[in-house]
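I opened my notebook with a simple plan: look things up one at a time and write down what I find. Here are the entries, in the order I made them.

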Amino acid sequence: MRRKVSIIGAGNVGASAAERIALRRLADVVMVDIIEGLPQGKALDLNEAGPVDGYDARFTGSNGYEATKGSDIVVITSGLPRKPGMSRDDLLMKNFEIVKSVTEQVARQSPRAVLIVVSNPLDAMAYTALKVSGFPRERVLGMAGVLDSARMRFFIAEALGVSVENTHAFVLGGHGDTMVPLPRYSTVAGIPITELLTKEAIDAIVQRTRDGGIEVVNLLKSGSAYYAPASSIVQMVQAILLDEHRILPCAVYLQGEYGYRDLFVGVPARLGAGGLEKVVEITLAAEEKAALDRSAAAVRESVSKLAV
Ligand code: APR
């Protein structure tokens with residue numbers, strides 16, 4: 001039987017993710033948006049690309065939730081993107097209302113789905129989706145770490161003139177200015193970058209990774225990044241649909257791991273058919289743990305502003 005992925009928000013991130021899901025032949029895709037005609041138009045356009053790209057995935061566009069019924073995965077990208085000068089927290093209240101109402105409707109139609117939250121501020125929106133859906137933590141994940149790590153990997157590859165395929169990077173913590181790139185756990189062909197790059201070069205990569213989102217926002221001026229976010233969503237979708245048991249950095253609701261409770265924080269997570277299989281705990285040096293504490297505190301502060 002065909003698998004079904006619903007994407008709420010047929011904007012830049014949502015539609016790009018939809019296309020990649022079909023190109024990888026992972027599932028049929030339902031796109032939902034509040035703008036009349038937008039999801040329908042993009043769905044038709046993507047269906048018409050199928051004969052050329054050689055996929056049989058079917059796209060459906062809708063302004064309601066009926067078509068999402070029985071989804072295996074629901075990706076929530078609905079909301080406002082950042083504009084120049086806007087922090088992810090400026091988006092907090094606006095996107096909270098949107099994610100809350102979307103989650104209620106999604107959970108009603110697909111009570112067994114895995115939810116992947118993408119709307120920003122990511123950690124607070126994932127928290128909202130978990131509380132509003134009442135789903136177990138295994139089935140509510142936030143997409144941020146894959147993206148932040150991908151950005152760091154690209155910067156490492158660029159600095160050393162090596163293939164991105166040789167790179168591995170770990171970025172933990174909240175998806176914001178306090179995120180915690182971990183050079184000690186970031187490698188090129190298995191060699192820690194701390195042995196390959198100077199401290200100054202690593203510091204520059206860490207800072208550029210933290211500013212990865214805003215660097216694109218400032219260039220685009222009218223929206224935020226979507227190609228790398230879409231690719232990152234699809235890596236998580238694939239890990240779940242193909243039951244890969246793949247370890248990816250994801251925002252996960254922690255229940256004591258790393259010393260945090262009742263909070264979404266980016267950590268290495270093993271993903272498989274049921275969503276989260278295991279939070280992987282790695283040893284952190286004192287300054288790494290202190291940075292993660294600061295990041296967790298920032299997430300907790302933003303969640304405390306929400307009536308959820
Ligand atoms: N229900 C469904 N769709 C909605 C709703 C809603 N209540 N509110 C807004 N949308 C839709 C918009 O109509 C728009 O088409 O969400 C879509 C968002 O798309 P874009 O504006 O293109 O934003 P995008 O770049 O895709 O970013 C989406 O992902 O990375 C995050 O910060 C980013 O929160 C933002 C989200």
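Predicted model: local features only at pLDDT ≥ 70, side-chain atom pairs only at ≥ 80, totals over all residues.

**Entry 1: between the domains**

I began with polar contacts, and between domain 1 and domain 2 I count 11 residue pairs, both partners at pLDDT 80 or more.

I then noted the bounds: the domain assignment puts domain 1 at 4-142 and domain 2 at 145-304. Their C-alpha centres are 22 Å apart. How many residues of each domain are in contact with the other? I find 39 residues of domain 1 in contact with 45 residues of domain 2. For the area, I wrote down that interface size is often given as the accessible area lost when the parts come together. Here domain 1 and domain 2 bury about 3600 Å² between them, and 67% of that is on carbon and sulfur atoms. The rule also finds two salt bridges across this interface.

**Entry 2: helix 4**

Helix 4 covers residues 122-133. I checked its length: 12 residues at 1.5 Å a residue should span 16 Å, and the end C-alpha atoms are 16 Å apart, so the two agree.

Is helix 4 mostly covered or mostly open? It is mostly covered, with 10 of its 12 residues buried. The buried residues are L122, D123, A124, M125, A126, Y127, T128, A129, L130 and S133. What do they pack against? I list helix 3 (92-109), strand 5 (114-117), strand 6 (140-142), strand 12 (246-255), strand 13 (261-272) and helix 9 (286-304).

T128 has a relative accessible area of 0%, so I log it as buried, the cut-off being under 20%. Leaving out neighbours within four places in sequence, T128 is in contact with F96, V99, K100, L306 and V308. Just after the helix, G134 takes a positive phi of about 75 degrees.

**Entry 3: salt bridges**

How many salt bridges does a search of the whole structure find? The answer is 12. I wrote up several of them.

- D262 and K131 meet through their side chains, at 3.3 Å from N to O.
- D203 and K199 also meet in a salt bridge, at 2.7 Å from N to O. They are four residues apart in helix 6 (residues 199-210), so about one helical turn separates them. D203 is partly exposed at 38% relative accessibility, whereas K199 is exposed at 56%.
- K289 and D293 form a salt bridge with the closest N and O atoms 2.7 Å apart. This pair is four residues apart in helix 9, again about one helical turn. K289 is partly exposed with a relative accessible area of 28%, and D293 is partly exposed at 33%.

Before going on, I jotted down a reminder: an α-helix has 3.6 residues a turn, so residues three or four places apart point the same way.

- R208 pairs with E215, the closest N and O atoms being 3.0 Å apart. R208 counts as partly exposed at 34% relative accessibility, and E215 counts as partly exposed at 30%.

**Entry 4: R153**

My last stop was R153, which sits in helix 5 (residues 145-160). Is R153 buried, partly exposed or exposed? I have it as partly exposed, with a relative accessible area of 30%. Setting aside residues up to four places away in sequence, R153 touches V164, E165, T167, H168 and A169.

Technical notes:
Residues numbered from 1 in each chain as written. Heavy atoms only, no water. Helix = DSSP H or I, 4+ residues; strand = E, 2+ residues; numbered from the N terminus. Expected span 1.5 Å × (residues − 1). Buried < 20%, exposed > 50% of the residue type's maximum accessible area, 1.4 Å probe, protein only. Contact = heavy atoms within 4.5 Å. Domains from an automatic or database assignment. Buried area = accessible area lost by both parts, 1.4 Å probe. Salt bridge = Lys/Arg side-chain N within 4 Å of Asp/Glu carboxyl O. Polar contact = N/O pair within 3.5 Å; in protein donor to acceptor, adjacent residues only side chain to side chain.
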